[in-house]
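Subject: Structure handover

Hello,

Please find the structure below, followed by notes on what was found in it.

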Amino acid sequence: MKGFNIFNSIRAKANRKSDSISNISLIRSEGQTKVNSSEIKTLNILWLYPDIMNIHGGRGNIMGLFNMCNYLGIPVEIRRVDRLEDRIDWNWAHIVYITAGELNCVPSVIDALNRQKDDLEAFAKLNRTLIANGSSGAVLADEIRYKDGRVIKGLGLLKMIWTERDSVWGDDIWVSADVYSNEEVSGSIEVIGNQIQVADVELSEGQEPFGRLVYGRGNNGSLANGGSGFEGARRKNIIYTCVLGPLMTKNPLLAADLLLKAAEREGIEIKGVTGKEITEIFTDNTEGFELESKSAECIKTFMKEKM
Amino acid sequence: MKIRFFAALYAAKLTARIIDIVARGRGTNLPGQIALKIDPKFVSHIKGLDPGKTIFVTGTNGKSTTTNLIAHIFKTAGVKLAVNLEGANLIGGVVVSLLKNCGLDGRLKADFVLMETDERFLPIIYKHLPAGHLCITNIQKDQVQRNGEPEIIRRKIKSILNPDITMYVNGDEPNALSLAADAGKSIQYGVERNSRSFDKKDDFFSVSMPCPKCHEPIRFETYNVDNIGPFVCDNCGFETGKNKYMATDVDFENKTFTLDGEKFSFAYSTPYFLYSYVAALTVAKEFGISYEDIRRAFPTFELVGGRMESIRIDNKEVKYIRMKQENPETLQSAINVIASDKNDKVFMLGLGEIMDFDPYYTNTFYTWDCDFRELVKSEIEKCICFSDKVVYDAAIRLLYDGMDENKLVILPTNDDKAIVEEVKKCDSDNIYLITLMYKFESLAKYVKQEAK
């Protein structure tokens with residue numbers, strides 16, 4: 001089992017230049033045409049519109065995924081797509097991430113993605129991963145209803161309707177979400193973070209949530225407060241969650257789950273840790289992710305006091 | 001109507017007097033609330049109010065400093081002001097400041113009205129007190145638990161703008177500048193690239209911001225403060241304002257800058273404060289205050305509450321660098337101050353749960369909008385993280401930016417004694433502390449008591 005020290009040393013590499021880490025590439029959008037010179041097949045992560053969807057420390061999610069790839073030994077290439085007019089190489093991407101952005105910018109992102117809708121649908125049919133968190137999740141919705149009366153059609157990838165709230169709701173959040181499974185491990189994990197909710201989210205009939213609330217407001221309130229008790233939405237590998245933190249640094253198991261499933265799906269060889277170690281990550285996380293585990297325990301205790 | 005107004009005036013004045021005796025120096029909204037309860041149109045009934053002589057200062061960061069600076073300049077020049085210096089920037093506080101400057105005949109006794117106004121409550125305040133002049137410092141990520149996103153604040157401010165308003169706006173801040181066309185007249189100010197300016201063009205993880213007009217990325221030619229600096233949107237051409245007032249030749253070492261050929265000294269030499277100085281200078285000059293009076297006022301200006309203070313623990317000076325919680329731009333500014341000291345040092349980071357509004361919560365995600373790498377590289381001997389709820393999150397953030405885990409001390413406590421004892425163990429006497437104001441005050445109080 002890899003220990004806390006190793007994970008820390010890997011973490012520190014996140015901001016180094018790409019050439020210091022083997023089989024790791026970080027490429028900004030102007031470099032999208034660059035061909036990976038390595039023969040090794042990489043997991044390809046696309047970070048959509050980081051300058052535009054730029055709030056709530058969202059970039060930490062990409063740092064978190066990058067580090068977890070290092071930790072798990074998954075060769076990875078991460079590219080940014082910066083401008084709305086840039087052509088997205090959907091065929092190249094295995095994971096597409098839209099970090100938290102302003103609800104105000106959502107229509108522009110929807111317009112940009114609608115211009116490439118055929119490619120996007122082909123991407124979704126391959127069961128590849130598309131994740132948006134915070135208000136960026138509205139991009140994936142059927143419809144967004146703004147306070148000023150505008151009603152905007154979303155991409156419709158998740159059956160949900162967003163309605164802008166009169167006031168902002170901010171709090172901690174604790175969610176139970178279904179994640180990784182193999183022969184030895186299956187079930188749900190806890191996802192911990194914060195929530196800044198500027199819209200209420202209603203899931204349409206048949207739309208599965210990302211998880212169920214243990215504490216917090218989630219989509220539209222807990223069961224005890226008359227809400228659905230749901231958090232986020234998920235259809236296969238298309239995910240919306242409101243959890244901020246950043247989500248992928250505070251919840252290493254979720255990051256690992258996302259990456260391992262994608263690597264498995266794309267036939268990417270994982271050299272860093274053995275299958276046994278991966279199982280251990282999910283069954284006994286306190287050693288490998290000591291700081292993250294302690295953080296979660298602190299904040300869960302605080303949330304229990306608030307219940 | 002008159003009876004109601006005077007009843008409100010006298011009741012509120014009496015309440016304010018009692019509060020002054022009982023809790024002198026504490027800003028309060030109560031007398032204002034009483035006045036409005038008795039006479040909901042209290043403000044409009046005050047004689048002598050003139051929108052042309054009424055200035056509001058709003059924005060997410062720096063409005064208290066800017067308001068206080070403008071007030072200091074005006075007073076130095078012998079101008080009498082009605083001003084809310086205590087930071088009581090909601091409608092109640094504004095009313096209190098007005099009634100304190102009203103005679104018993106209900107007439108304003110000041111030459112000008114200057115009010116710091118909470119950006120979210122600006123529309124309500126403006127409804128009571130229409131101002132002809134509005135200074136906007138910036139519209140950035142701030143207090144997300146109530147503000148959510150910068151656009152929510154931008155919309156609030158935009159809602160009051162009309163052709164009768166003259167706006168004084170930071171021309172280097174895209175969100176604020178984007179409102180210029182909504183005012184009757186816009187006067188812009190800015191700061192030239194200087195020794196504290198920074199770039200982040202080659203960094204894969206760095207992010208800019210969306211253009212408030214077309215939503216494509218804003219490109220900063222340089223950053224004077226995070227997300228403030230000369231900029232352009234390559235898509236729609238929106239760019240830095242035509243800054244009528246521009247600070248040039250900024251010398252942070254000697255604490256001087258030049259504007260319009262005149263040299264000014266400034267006491268609080270951080271990039272953030274520099275924008276407040278230039279904003280205040282802009283407003284003052286446009287209101288006819290001479291450069292000579294402004295130059296005379298700057299060196300004698302002192303911040304209310306302090307931005308940089310220190311406490312002594314044994315023979316060690318712990319320099320406190322204040323930040324505004326949940327506000328990445330002010331945290332980045334604090335980080336940059338510490339990073340600019342290349343001597344051996346100890347860095348203390350005490351983030352806490354956010355206790356501004358109910359429910360309290362454990363937000364630390366704003367730290368991920370900041371870059372600690374220059375600080376991490378700046379001869380850190382030891383880094384002490386403390387907090388009972390978010391210490392691990394703070395430590396993780398620093399590790400991600402390359403902090404050597406062997407230098408990292410994690411104290412999962414808010415206990416002042418434990419924190420002070422850890423400071424005493426440090427070899428270095430060059431110690432910097434970033435924490436929330438309430439925690440600094442608690443530590444300072446403990447150290448003072450311990451010394452007795």
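A search of the whole structure gives 45 salt bridges over all chains, a salt bridge being a side-chain nitrogen of Lys or Arg within 4 Å of a carboxyl oxygen of Asp or Glu. One of them joins the side chains of Lys141(B) and Asp369(B), at 3.5 Å from N to O. Lys141(B) sits in the loop between strand E4 (133-136) and helix H7 (144-147) of chain B, and Asp369(B) in the loop between strand E14 (345-350) and helix H13 (373-376) of chain B, so this pair ties together parts that are 228 residues apart in sequence. Helices (H or I, at least four residues) and strands (E, at least two) are DSSP runs, numbered from the N terminus. In chain A, Arg83(A) and Glu85(A) also meet in a salt bridge, with 3.2 Å from N to O.

Before the rest, some notes on the source. This is a predicted model, in which local features need pLDDT of at least 70 and side-chain atom pairs count only at pLDDT 80 or more, while totals for chains, interfaces and linings use all residues. Residues are numbered from 1 along each chain as its sequence is written, chains are lettered from A and ligands numbered from 1 in the order in which they are written, and side-chain values use heavy atoms, with hydrogens and water left out.

The interface

Between the chains, 64 residues of chain A are in contact with 52 residues of chain B, where contact means heavy atoms within 4.5 Å. The two chains bury about 5100 Å² between them, 58% of it on carbon and sulfur atoms; buried area is the accessible area (1.4 Å probe) that two parts lose on being put together, summed over both.

The count of salt bridges between chain A and chain B is 2. One of these links Asp393(B) with Lys250(A), whose closest N and O atoms are 2.8 Å apart. Several elements give two or more residues to the side of chain A that touches chain B, including helix H2 (59-72), strand E8 (160-178) and helix H8 (290-306) of chain A. H8(A) gives the most, with 8 residues. By class, that side of chain A has 26 nonpolar, 19 polar and 19 charged residues. Here Ala, Val, Leu, Ile, Met, Phe, Trp, Tyr, Cys and Pro count as nonpolar, Asp, Glu, Lys and Arg as charged, and the others, Gly among them, as polar.

Cavities

The structure has 10 cavities of 30 Å³ or more. A cavity is a set of points on a 1 Å grid over the protein atoms alone where a 1.4 Å probe fits but cannot get out, and its lining residues have an atom within 4 Å of a point. Grid points are joined across faces, edges and corners, and a volume is the space filled by probe spheres set on the points.

The largest cavity has a volume of about 90 Å³. Its lining includes Asn54(A) and Glu102(A) as well as Lys141(B) and Glu329(B), and divides into 4 nonpolar, 4 polar and 4 charged residues. The second largest cavity holds about 70 Å³. Among the residues that line the second largest cavity are Tyr189(B), Tyr272(B) and Tyr275(B). Helix H10 (residues 271-286) of chain B gives the most to this lining, with 4 residues. The lining of the second largest cavity has 5 nonpolar, 7 polar and no charged residues.

Backbone

Most residues other than glycine have a negative phi, and most peptide bonds are trans. The peptide bond from Gly245(A) to Pro246(A) is cis, with omega near 0°, as is the bond from Asp358(B) to Pro359(B). Gln143(B) has a positive phi, near 40°, and lies in the loop between E4 and H7 of chain B.

Regards

Conventions:
1 Å grid on protein atoms, 1.4 Å probe; cavity = no way out; pocket = protein on both sides within 12 Å on 5 of 7 lines; lining within 4 Å.
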